[in-house]
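User: I've got a structure open and I'd like to talk it through with you. Can you show it and then take my questions one by one?

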Amino acid sequence: MELPTLDIHPTKTHTHTVVFLHGRGDNARNFSASLRYSVDSHGRSLIAAFPSFRWVFPQAPLRKCASLPSTWPQWFDVWNVENFAENEELQAEGLREVIPAIRSILAREATILHGRWDRVVLAGISMGAATSVHTLFNLDVPAEGGGGLAAFLGFSCRCPFAGRTLAEMRAVLGLKDGVPDHANVLANTPILLEHCVDDPLVKIENGRGLRDTLRGFGAQVDWKEYPSGGHWFNSPAGMDDAVEFLNTRVLKRGSTVSQSADDAMDLS
């Protein structure tokens, strides 16, 4: 499977790429446009705050809903949104299909950045974030590429097949090619999770559970929760935190990054 993408090119010299997965029922064009309306306390969207970043928005395939007479853009199907664990195995089929395609997009963007996987950020919201989490579980990054991604950002995120070990997570999907036998990518990828307490779809307990799961797998996780924002981004505080995270954990990571954090923050 090959996933189409909507790409937004940087307005300054290209230093990093963000691959950002939309949520269930959404599409790349709508999501990339909506992202511009969630701004930080300086009135900037994430895209505006980082002019040296290329933004890549993959499009989820149309997939028939097993429990509804509908066909939606979705990375995988869910039987019961009130209880994600019900008929949980249904989720594996879609994840098994799309994760190799997402890994191919990440590899393409790393190649554009001269093999620097550690300048590629993986991000997602809702089902896109859940898909990205399992991509991290099944991703290998060469040591010469940095051994991990620049960062992972998950918003309104949960973990399908929660409660399993990392090996069991991988066994659920049964992917063979490109799946490591170590947790280096998780250990080497800075992670930010943001969740709103009033999220009516993915309850805050799901986000907290993902945080604990990732930490149990050896990941370094920055956790932020906000009283309001629903099943979306909190603005402006959540966007302030995301901008700060990308500045301190990505732009300032290593002495070879070509643009300083101050350059990004000076954009008005």
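This is a predicted model: local features need pLDDT of at least 70, side-chain atom pairs count only at pLDDT 80 or more; totals for chains, interfaces and linings use all residues.

User: How many helices and strands does the protein chain have?

Analyst: The C-alpha atoms fill a box of roughly 50 × 40 × 35 Å along the principal axes. Within the protein chain there are nine helices and nine strands.

User: What radius of gyration does the protein chain have, and how does that sit with a compact globule?

Analyst: For 268 residues, a compact globule would come out near 18 Å, and the value for the protein chain agrees with that. Of those 268 residues, 54% count as buried. The radius of gyration of the protein chain is 17 Å.

User: Looking at contacts between residues at least 6 apart in sequence, what percentage join residues at least 24 apart?

Analyst: A contact here means heavy atoms within 4.5 Å. Taking the contacts in the protein chain between residues at least 6 apart, the share that joins residues at least 24 apart is 75%.

User: Which residues have the most contacts inside the largest nonpolar core?

Analyst: In soluble globular proteins, nonpolar side chains tend to be buried together. Here the largest nonpolar core has 49 residues, and its largest share, nine residues, comes from helix H3 (residues 90–112). Apart from it lies another core of 30 residues, Phe20, Ala28, Leu35 and Phe53 among them. Inside the largest core, the residues with the most contacts are Leu122, Phe137 and Leu214.

User: Which residues does Phe137 touch, not counting residues up to four places away in sequence?

Analyst: Phe137 is one of the residues with the most contacts inside the largest core. Leaving out residues up to four places away in sequence, Phe137 touches Cys159, Leu166, Met169, Arg170, Leu186, Leu214 and Phe217.

User: Is the ring pair of Phe20 and Phe155 stacked or edge-to-face?

Analyst: A search of the whole structure finds 12 aromatic pairs. For Phe20 and Phe155, the ring centres are 6.1 Å apart and the planes are at 20°. Planes under 30 degrees apart count as stacked, so this pair is stacked.

User: How many residues apart in sequence are the parts that this pair ties together?

Analyst: Phe20 is buried, with a relative accessible area of 1%, and Phe155 counts as buried at 1% too. Phe20 lies in strand S2 (residues 16–21) and Phe155 in strand S7 (residues 151–155), so the pair ties together parts whose separation in sequence is 135 residues.

User: What angle lies between the planes of Phe20 and Phe233?

Analyst: Both Phe20 and Phe233 are buried. Phe233 sits in the loop between strand S9 (221–226) and helix H8 (237–251), and its pair with Phe20 links parts of the chain 213 residues apart. The pair is edge-to-face at 6.4 Å centre to centre, with the planes at 90°.

User: Which residues do ring pairs link into a cluster?

Analyst: Phe20 pairs with Phe155 as a stacked pair and with Phe233 as an edge-to-face pair. The cluster linked by ring pairs is Phe20, Phe31, Phe57, Phe155, Trp232 and Phe233.

User: What is phi of Ser126?

Analyst: Ser126 is in the loop between strand S6 (120–125) and helix H4 (127–137). Ser126 counts as buried at 15% relative accessibility. Although Ser126 is not a glycine, its phi is positive, at about 55°.

How values were computed
Residues are numbered from 1 along each chain as its sequence is written. Side-chain values use heavy atoms; hydrogens and water are left out. A nonpolar core is a set of buried Ala, Val, Leu, Ile, Met, Phe, Trp, Tyr and Cys residues joined through side-chain atoms within 4.5 Å. Buried means under 20% relative accessible area, exposed over 50%, partly exposed in between (1.4 Å probe, protein chains only). Helices (H or I, at least four residues) and strands (E, at least two) are DSSP runs, numbered from the N terminus. The radius of gyration is taken over C-alpha atoms; the globule rule is 2.2 Å times the number of residues to the power 0.38. Rings of Phe, Tyr and Trp (its six-membered ring) pair if their centres lie within 6.5 Å; planes under 30 degrees apart count as stacked, over 60 as edge-to-face and the rest as tilted.
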